[in-house]
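Here is a short briefing on helices, aromatic rings and charged pairs. Keep the sequence and the 3D view open while reading.

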Amino acid sequence: MCVTCGCSSDDNEVRMTKVEGKTVQHSHMHDHGHDHHSHEHNHDHDHDHNHSHDHQHHHDHQNAREINLEREILHKNDLLAERNKGYFDAKNIFAINLVSSPGSGKTSLLERTIADLKNEISFAVIEGDQQTTNDADRIAALEVPVIQINTGKGCHLDSEMIAKAVKELSPKDGSLMMIENVGNLVCPAMFDLGENLRVVIISITEGEDKPIKYPDMFYGSQVCIINKIDLLPYLKFDLEKLKDYAKKVNPNLEFFEVSAYTGQGMDSWYSFLKKSLKS
């Protein structure tokens, strides 16, 4: 189990698949093992005080170890994230980390964006999911380079996975690298991938209070896309309340209200992407 987020992916479970290419095995590289220290407890009722002291010592020691291990994991991730960023800068690649809970329409948004802009922009895509290549298959049908990372029981992508995927993809200079993270609003917030921009996607079917329920993700993002706005007439949903909650967490968030299904609001999103690539 990973002490950083509680996911229990095994080193050998992470699989990287280049669609229409070969499958490559690689490791998660987190230290998922716990070196549990056992303390023998005397269960004689005459030694209840000693038992309590030993038990407390055990928990104090284990908690301190987990904190140190978490720091080591995140420090290692951040170092490699800086290398990824250096690679992206050197090749003039603009990398976007797309994060959301499952069912927000992340893949549909990505599909429509690529379909509408692929004649103007060179895309490269990294798909993250626990299992299947379903999302990568959808992107491959648009004839852009894509690689699928399956994390097994893991609940997030990390910078080492991205480094290996990018090496396999070999994106063109000046590309727009779209990284679709595992559907989860908690753990991916902790892991810098070396991206230029983190975009959190929320659909109006999820409830207005998501930003205050999962503040770390909204705090660490620069853009918030509100998807499925074509459903507004049919739902009891307060769009302004969602924005107010999000601004309380992160006053600098930039919002885009879109429907990946109908195309409503997508032109503003596209203009933002083009401007980002030029800057």
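Predicted model: local features only at pLDDT ≥ 70, side-chain atom pairs only at ≥ 80, totals over all residues.

A search of the whole structure finds ten salt bridges, and the structure holds four aromatic pairs. Helix α8 turns up under each topic: its buried residues include Phe 272, and Lys 274 in this helix takes part in a salt bridge with Glu 120.

**Helix α8**

- Helix α8 has 13 residues. From first C-alpha to last it reaches 19 Å, close to the 18 Å expected at 1.5 Å a residue.
- Its buried residues are Met 266, Trp 269, Tyr 270, Phe 272, Leu 273 and Ser 276.
- Seen down the axis of α8, these buried residues fall within an arc of 160 degrees, so they line one face of the helix.
- An α-helix has 3.6 residues a turn, so residues three or four places apart point the same way.
- The buried residues of α8 pack against strands and a helix: β3 (94-100), α2, β6 (176-180), β7 (197-203), β8 (223-227) and β9.
- Asp 267, Lys 275 and Lys 278 are exposed, on the face of α8 turned away from its buried side.

**Helix α2**

- Helix α2 covers residues 106-117, twelve in number. Its first and last C-alpha atoms are 17 Å apart, close to the 16 Å expected at 1.5 Å a residue.
- Buried here are Lys 106, Thr 107, Leu 109, Leu 110, Thr 113, Ile 114 and Leu 117.
- Viewed down the axis of α2, the buried residues fall within an arc of 160 degrees, so they line one face of the helix.

**Aromatic rings**

- A pair of aromatic rings is described by the distance of the centres and the angle of the planes.
- Tyr 87 and Phe 88 form an edge-to-face pair, 6.1 Å centre to centre, with 65 degrees between the planes. Tyr 87 is partly exposed at 32% relative accessible area, whereas Phe 88 is buried at 1%.
- Phe 256 and Phe 272 form a tilted pair, because their ring centres are 5.2 Å apart and their planes stand at 55 degrees.
- This pair links distant parts of the chain: Phe 256 is in strand β9 (residues 254-257), Phe 272 in helix α8 (residues 266-278). They are 16 residues apart. Both Phe 256 and Phe 272 are buried.

- Side chains of opposite charge can pair when their charged atoms come close.
- Glu 111 and Arg 138 meet at 2.6 Å, N to O. The bridge links helix α2 to helix α3 (residues 134-140), across 27 residues. Glu 111 is partly exposed at 23% relative accessible area, and Arg 138 is partly exposed at 32%.
- Glu 120 and Lys 274 meet at 3.0 Å, N to O. Glu 120 lies in the loop between α2 and β4 (123-129) and Lys 274 in helix α8, so the pair ties together parts that are 154 residues apart in sequence. Glu 120 is exposed at 54%, while Lys 274 is partly exposed at 30%.
- Asp 209 and Lys 213 meet at 3.6 Å, N to O. Asp 209 is partly exposed at 27%, and Lys 213 is exposed at 52%.
- Shared partners join Glu 111, Asp 135 and Arg 138 into one salt-bridge network.

Technical notes
Residues numbered from 1 in each chain as written. Heavy atoms only, no water. Phe/Tyr/Trp six-rings, centres within 6.5 Å; stacked < 30°, edge-to-face > 60°. Buried < 20%, exposed > 50% of the residue type's maximum accessible area, 1.4 Å probe, protein only. Helix = DSSP H or I, 4+ residues; strand = E, 2+ residues; numbered from the N terminus. Expected span 1.5 Å × (residues − 1). Arc of directions from axis to C-beta. Contact = heavy atoms within 4.5 Å. Salt bridge = Lys/Arg side-chain N within 4 Å of Asp/Glu carboxyl O.
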